[in-house]
Amino acid sequence: MRSWAEGALALVVLVGLGAALLLFSGETLGEGSTATTAPITVDPDAAVRGEIIANRTGCLACHTINGTPGSGPTWRGLAGSSRPLQSGEVVTADDVYLTNSIVAPGSEVVAGFDNLMPPNYGETLTEQEVGDLVEYIKSLAS
Ligand code: HEC
């Protein structure tokens with residue numbers, strides 16, 4: 001008859017295997033999924049500041065927040081979505097992408113749009129202002 005220790009060991013191995021399997025399948029799901037991979041967390045105070053900056057800076061002359069494209073893509077639902085670029089690449093609109101789109105807009109131009117973004121926001125806006133704008137855009141994710 002098996003000793004208690006052997007039984008306990010078998011149990012530990014089984015539980016370990018199960019956990020590894022779970023972890024592995026979770027990873028596969030994440031990679032295969034096209035939905036937003038990371039939850040979007042927004043700093044609400046920064047988002048309020050960003051809305052003011054967007055109005056003041058004239059972003060909303062080209063961008064809408066209601067889902068209808070203007071001369072630029074709408075900001076509604078943008079954060080976390082897949083962005084097809086003119087280069088043929090498809091990227092996820094994460095914080096880094098959104099920041100680059102503002103300070104270096106020519107580097108990643110969205111497919112179907114012209115490179116109309118003023119190129120100098122990296123100089124005329126502070127890093128904090130750009131961060132606030134990104135938070136505002138993220139607050140419009142859904
Ligand atoms: C003169 C029109 C115009 C103004 C003003 C403008 N944009 Fe844009 N923007 C565009 C166009 C056109 C695109 C799409 C082409 C590209 O990716 O550069 C774009 C792209 C973007 C993107 C990427 C969108 C996407 O769908 O992936 C972000 C983010 C963005 N703009 C933010 C801003 C912010 C913030 C401001 C104000 C500080 C601003 N824009 C001002 C025209 C404009």
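The shell around the ligand divides into 18 nonpolar, seven polar and two charged residues, where Ala, Val, Leu, Ile, Met, Phe, Trp, Tyr, Cys and Pro count as nonpolar, Asp, Glu, Lys and Arg as charged, and the others, Gly among them, as polar. The model is predicted: local features need pLDDT of at least 70, side-chain atom pairs count only at pLDDT 80 or more, and totals for chains, interfaces and linings use all residues. Residues are numbered from 1 along each chain as its sequence is written. In total, 27 residues surround the ligand, the closest being C59, C62, G72, P73 and F113; a residue is near a molecule if its C-beta atom, placed from the backbone, lies within 6 Å of it. Both α3 (95–103) and α5 (127–139) supply at least two residues of this shell, and α3 gives the most, with three.

The protein chain contains five helices and two strands, arranged along the sequence as α-α-β-β-α-α-α. These elements are DSSP runs numbered from the N terminus (helices: H or I, at least four residues; strands: E, at least two). Of the 142 residues in the protein chain, 16% are buried. A residue is buried if 20 or more other C-beta atoms lie within 10 Å of its own, exposed if 12 or fewer, and partly exposed in between, with C-beta atoms placed from the backbone. Among contacts with a separation of 6 or more, 53% join residues 24 or more positions apart; two residues are in contact if their C-beta atoms, placed from the backbone, lie within 7 Å.

Within α3, the residues L98, S101 and I102 are buried. They lie on the same side of α3 because they cover an arc of only 95 degrees around the axis, the arc being that of the directions from the helix axis to the C-beta atoms. The buried residues of α3 pack against α4 (121–124) and α5.

The largest nonpolar core comprises 11 residues, including W75, L98, I102, L133 and I137. Such a core is a set of buried Ala, Val, Leu, Ile, Met, Phe, Trp, Tyr and Cys residues joined through C-beta atoms within 7 Å. Two or more residues of this core come from each of α3 and α5, with α5 giving the most, four residues. Not counting residues up to four places away in sequence, L133 touches G50, I53, A54 and I102.

V42 is placed in the loop between α1 (4–32) and α2 (44–57). This residue counts as partly exposed because V42 has 17 C-beta neighbours inside 10 Å. Not counting residues up to four places away in sequence, V42 touches A47, E135, K138 and S139. V42 and A141 are 99 residues apart in sequence and 9.8 Å apart in space, C-alpha to C-alpha.
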